[in-house]
Amino acid sequence: MPNANSTLTTTLISPTESLHLPPLPLQRPLLLIGHGTKDQDGRQSLLDFAAAYQALDTSRPVLPCFLELTGPTIQEGVDRCIEQGYTELSVLPILLFAARHNKFDITNELDRARARHPQLKFHYGRHFGITPAIIDLWRSRLAQIDEPDYNRSETVLLFVGRGSSDPDANGDVYKLARIVWEGSGYQTVETCFIGITHPRLEEGFRRARLYQPKRIIVLPYFLFTGLLVKKIFDTTSQQQEQYPDISLTCLPEMGLHPLLLSVLREREIETQLGQVQMNCEMCKFRLAAAGSSNNNHHSHDHTSHHHHDHGHSHGHSHETVDPYANLEQYHDRIWQAP
């Protein structure tokens, strides 16, 4: 019987393994902010990721912390920088897409830290997003599990995102799934989510089966393991038992992969150089979500580079409002945005 769990493992990097990264323009400390999880394996994955990145370049400290659910917290991470004598730091969200946490929660926490430490200046970088290196990562993973018994033309890809209340982030999941599938030779790709929004994972499997494939490959689009990734594996195993005639393979999360470390270096360099490229065209959703009060404070420098220097030279004010508190009102409001 086919095994729902792939034998493919995430690629680990040892501190001594050669990975050529471009040099940093500055030796400014780096605060890495992960989402946070109650799952110990998931927490340790972020810490290992930060340790591996630090080992590749010890010219400045790399400090990991978490937004929620576990520690160290963002405030504790900032305090560690202050204790070491730093008053200026780069901040990178270790997140795949720009949703609530990236746009609101992390920036609000950084404003709290700045209120506690008025001398602090931070430079906020961007999330991983859709980038060629991540696309190459998934395509290489898929190439490793090609089997002569299953043609790609008889195989459906099932792309599983975390799920968000933010339409911009959910749309990016669909976009990336399409790019990975485009020209791959697979029969089709279906996209679903493990929570928050729809279609959910079970519906994703149902849609995938409509094509009558011989094989379904599940791609959990997550950086690290955790409760949700483990739930995807468990659900895939349950689906395999219910539909034994279809081969189900669940790939692992991206994990500690050299390509991700390369993307992280790109993000750190652009943060140091003040060349952060944000998706400012979608700011209208953020403004509409927060309501008219924030419209008066939101003044992006819409130049060719869209600088987001949370020093806060661009005048970006993050008031502690929760636009997602009422999801029905949130969705009604954002789609009325001009």
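## Model and confidence

This is a predicted model: local features need pLDDT of at least 70, side-chain atom pairs count only at pLDDT 80 or more, and totals for chains, interfaces and linings use all residues. Residues are numbered from 1 along each chain as its sequence is written, and side-chain values use heavy atoms, with hydrogens and water left out.

The protein averages a pLDDT (the predictor's confidence in each residue, from 0 to 100) of 84. Of the residues, 76% score at least 70. Residues 5-16 fall below 50. Beyond near neighbours in sequence, that stretch has 30 contacts (heavy atoms within 4.5 Å) in the model. Residues 292-318 are also below 50, and they have 59 contacts beyond near neighbours in sequence. Where pLDDT is low, the predicted coordinates should not be read in detail.

## Helix α1

Helices (H or I, at least four residues) and strands (E, at least two) are DSSP runs, numbered from the N terminus. Helix α1 covers residues 40-56, 17 residues in total. Asp39 caps the N-terminal end: a side-chain oxygen sits 3.1 Å from the backbone nitrogen of Asp41.

Burial is judged by relative accessible area: buried means under 20%, exposed over 50%, partly exposed in between (1.4 Å probe, protein chains only). In α1, the buried residues are Gly42, Ser45, Leu46, Leu47, Phe49, Ala50, Ala52, Tyr53 and Gln54. They pack against β1 (30-34), β2 (62-66) and α8 (258-272).

## Salt bridges

A salt bridge is a side-chain nitrogen of Lys or Arg within 4 Å of a carboxyl oxygen of Asp or Glu. By this rule the count is 16. One of them pairs Glu154 with Lys214, at 3.4 Å from N to O. Glu154 is in the loop between α4 (132-144) and β5 (155-161), and Lys214 is in the loop between α6 (201-209) and β7 (215-220), so the bridge ties together parts that are 60 residues apart in sequence. Glu154 is partly exposed at 24% relative accessibility. Lys214 is partly exposed too, at 41%.

Other bridges sit inside helices. Glu203 and Arg207 have their closest N and O atoms 3.0 Å apart. Both lie in α6, 4 residues apart, about one turn of the helix. An α-helix has 3.6 residues a turn, so residues three or four places apart point the same way. Glu203 is partly exposed at 24%, and Arg207 is partly exposed at 31%.

In α8, Arg265 and Glu268 are 3 residues apart, about one turn of the helix. Their closest N and O atoms are 3.9 Å apart. Arg265 is buried at 2% relative accessible area, and Glu268 is buried at 0%. Salt bridges that share partners join Asp57, Arg60, Arg265 and Glu268 into one network.

## Around Glu109

Glu109 lies in helix α3 (residues 100-116). At 19% relative accessibility, Glu109 counts as buried. Its side chain makes a polar contact of 2.9 Å with that of Arg112. Such a contact is a pair of N or O atoms within 3.5 Å; within protein, one must be able to donate a hydrogen and the other to accept it, and residues adjacent in sequence count only if both atoms are side-chain atoms.

Leaving aside neighbours within four places in sequence, Glu109 is in contact with Leu67, Ile74 and Gln75. Gln75 is 34 residues away along the chain, and its C-alpha atom is 7.3 Å from that of Glu109.

How values were computed
Expected span 1.5 Å × (residues − 1).
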